[in-house]
Amino acid sequence: MLPLEQALAQMLEILPEPTLQNVELCSLTQAANRICAEDIISPINVPSFDNSAMDGYAVRLADLAKSPTLVVVGKSFAGNPFKQAWPALSAVRIMTGAMLPEGADAVVMQEETVLNEDGTVTFIAERIKLGQNIRKIGEDVKQGDVVLAKGALLNAISLPLLASLGISQVKTFPILKVAILSTGDELVPVGQPLHEGQIYDTNRFAVKLMLEKLNCEVLDFGILPDNEQEFEQAFIKAQQQADLVITSGGVSVGEADFTKTVLEKVGQINFWKIAMKPGKPFAFGKLENAWFCGLPGNPVSALATFYQLVQPVIAKLNGHSQWQAPQRFSAIAATKIKKVPGRLDFQRGFYQVNEKGVIEVQPIGFQGSHLFSSFVKSNCFIVLERERANVEAGETVTIEPFNHLMS
């Protein structure tokens, strides 16, 4: 069995970066959750002019050095700047975001002034510093800066930034097409009645939901019967239409598990056993026109292998070079955790900060790979090292909080 880290490294090394030949030019409204295909250079300075960070008065320190009381000669509003002559010993009323009058070197907030009946203003601040409350031109973004790197996710943070620069279109990588198939005569689509010996096909449903969160175009090929010929035909059809083919089930060693056999006929297989629990029977390979990931049939194993292995594969194929693996933290085991040495173990757990301010975690329910309901009460994986045995309460363990795919 291949260690998880080694399997992931092999996959990411083999997988290609998306080319620039098929990039698509999208409006900002169409680009949400897509991947930027180029470095984006700012065409302007932000702010594009010196402006006030406060409601108050624009002043020249040289005038204040002569008198703490100045004549108010005009106003500067956002979008309607003060453009008149600015005589000595005077100040300009200014609002937040308004352009600074030429020559102003500080803005004093109105709370630090007294407006007199004769139209003058007295400054009562103990100290007024050069440049205070002034937003300088280019302070946020300078013209020519790389504001977004190739491979960045276009989202609710990055897209408004582009809008603030007057950029209305952006080059993106194409949306990844992913074909999904489930295998097994025992599977029944959700919504149909079950007969003796049958179960609902939850894996394909779960995988589809996660793929949609990753902004993939899902090609659903449904449930395949335990028939090698039909399986092969579906494989060929799927790989002609998709960039990535994902199956659920059929990668174990049973008599009706055809995935490995068919994959060797219509493509090539790189590995099909991972030293992780749950999820040992995971297959990865290459078809003629698409890449392939074969998930185990047990629901927990399918989700865990998708999360740990397929998620970074999709990021690589999407060109999402800034994607980061879910973060891991140390926590204290609140209860005993059962563990058999031999495989890296991902147990479903719930972590929280206790009354002492310490992160503690406990496993949720039974950890069998067929028991999916415990995921609903979990918020993390408890990651137990390959050769580690049982964990006693109070020992330190590693946790991996679920990211947006499972939250």
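Me: Is Asn33 buried, partly exposed or exposed?

Reply: Burial is judged by relative accessible area: buried means under 20%, exposed means over 50%, and partly exposed lies in between, with a 1.4 Å probe and protein chains only. Asn33 has 42% relative accessibility and therefore counts as partly exposed. This is a predicted model, in which local features need pLDDT of at least 70 and side-chain atom pairs count only at pLDDT 80 or more, while totals for chains, interfaces and linings use all residues. Residues are numbered from 1 along each chain as its sequence is written, and side-chain values use heavy atoms, with hydrogens and water left out.

Me: Where does Asn33 lie, and what is its phi?

Reply: Most residues other than glycine have a negative phi. Asn33, although not a glycine, has a positive phi of about 70°. Asn33 lies in the loop between strand E1 (24-27) and E2; strands (E, at least two residues) and helices (H or I, at least four) are DSSP runs, numbered from the N terminus.

Me: Which value does phi take at Asn215, and where is the place of Asn215?

Reply: Asn215 is a residue other than glycine with a positive phi, near 60°. The loop between H4 and strand E16 (217-224) holds Asn215. With 21% relative accessibility, Asn215 counts as partly exposed.

Me: Which residues does the cis peptide bond with omega near -5° at Pro47 join?

Reply: Most peptide bonds are trans. The bond from Val46 to Pro47 is cis, with omega near -5°, and Pro47 is placed in the loop between strand E2 (40-41) and strand E3 (51-52). A cis peptide bond also joins Lys277 and Pro278, where omega is about -5°. Pro278 is found in the loop between strand E19 (276-277) and strand E20 (283-287).

Me: At what angle do H5 and H6 pack?

Reply: Axes are lines fitted to C-alpha atoms, for helices over the stretch in contact, and angles run from 0 to 180 degrees between N-to-C directions. Angles under 35 degrees count as roughly parallel, over 145 as roughly antiparallel, 65 to 115 as roughly perpendicular, and the rest as oblique. Helix H5 (residues 228-241) and helix H6 (residues 259-266) pack at about 50°, with their axes 10 Å apart. That angle makes H5 oblique to H6.

Me: In which hand does H5 pass H6, and which residues meet?

Reply: A crossing is left-handed if the near helix is turned anticlockwise from the far one by less than a right angle, and right-handed if clockwise. H5 passes H6 in a right-handed crossing. Contact means heavy atoms within 4.5 Å; Glu228, Phe231, Glu232, Phe235 and Ile236 in H5 meet Thr259, Thr261, Val262, Leu263, Lys265 and Val266 in H6. The residues of this contact divide into 6 nonpolar, 2 polar and 3 charged, where Ala, Val, Leu, Ile, Met, Phe, Trp, Tyr, Cys and Pro count as nonpolar, Asp, Glu, Lys and Arg as charged, and the others, Gly among them, as polar.

Me: How do H1 and H7 cross?

Reply: The axes of H1 and H7 come within 10 Å and cross at roughly 20°. H1 and H7 are therefore roughly parallel to each other, and H1 passes H7 in a right-handed crossing. Leu4, Leu8, Met11 and Leu12 of H1 make the contact with Gln308, Leu309, Pro312, Val313 and Lys316 of H7. By class, the residues of the contact of H1 with H7 are 7 nonpolar, 1 polar and 1 charged.

Me: How do H4 and H7 pack?

Reply: H4 and H7 pack at about 30°, with axes 10 Å apart. That makes H4 roughly parallel to H7. Thr202, Asn203, Val207, Met210 and Leu211 in H4 meet Pro299, Ala302, Leu303, Phe306 and Ile314 in H7. The contact of H4 with H7 has 8 nonpolar, 2 polar and no charged residues.

Me: Which residues touch the most other members of the largest nonpolar core?

Reply: A nonpolar core is a set of buried Ala, Val, Leu, Ile, Met, Phe, Trp, Tyr and Cys residues joined through side-chain atoms within 4.5 Å. The largest has 41 residues, of which Leu211, Ile246, Phe282, Phe306, Ile314 and Phe381 touch the most other members. H7 gives the most to this core, with 11 residues. Leaving aside neighbours within four places in sequence, Phe381 is in contact with residues including Ala304, Tyr307, Phe346 and Met406.
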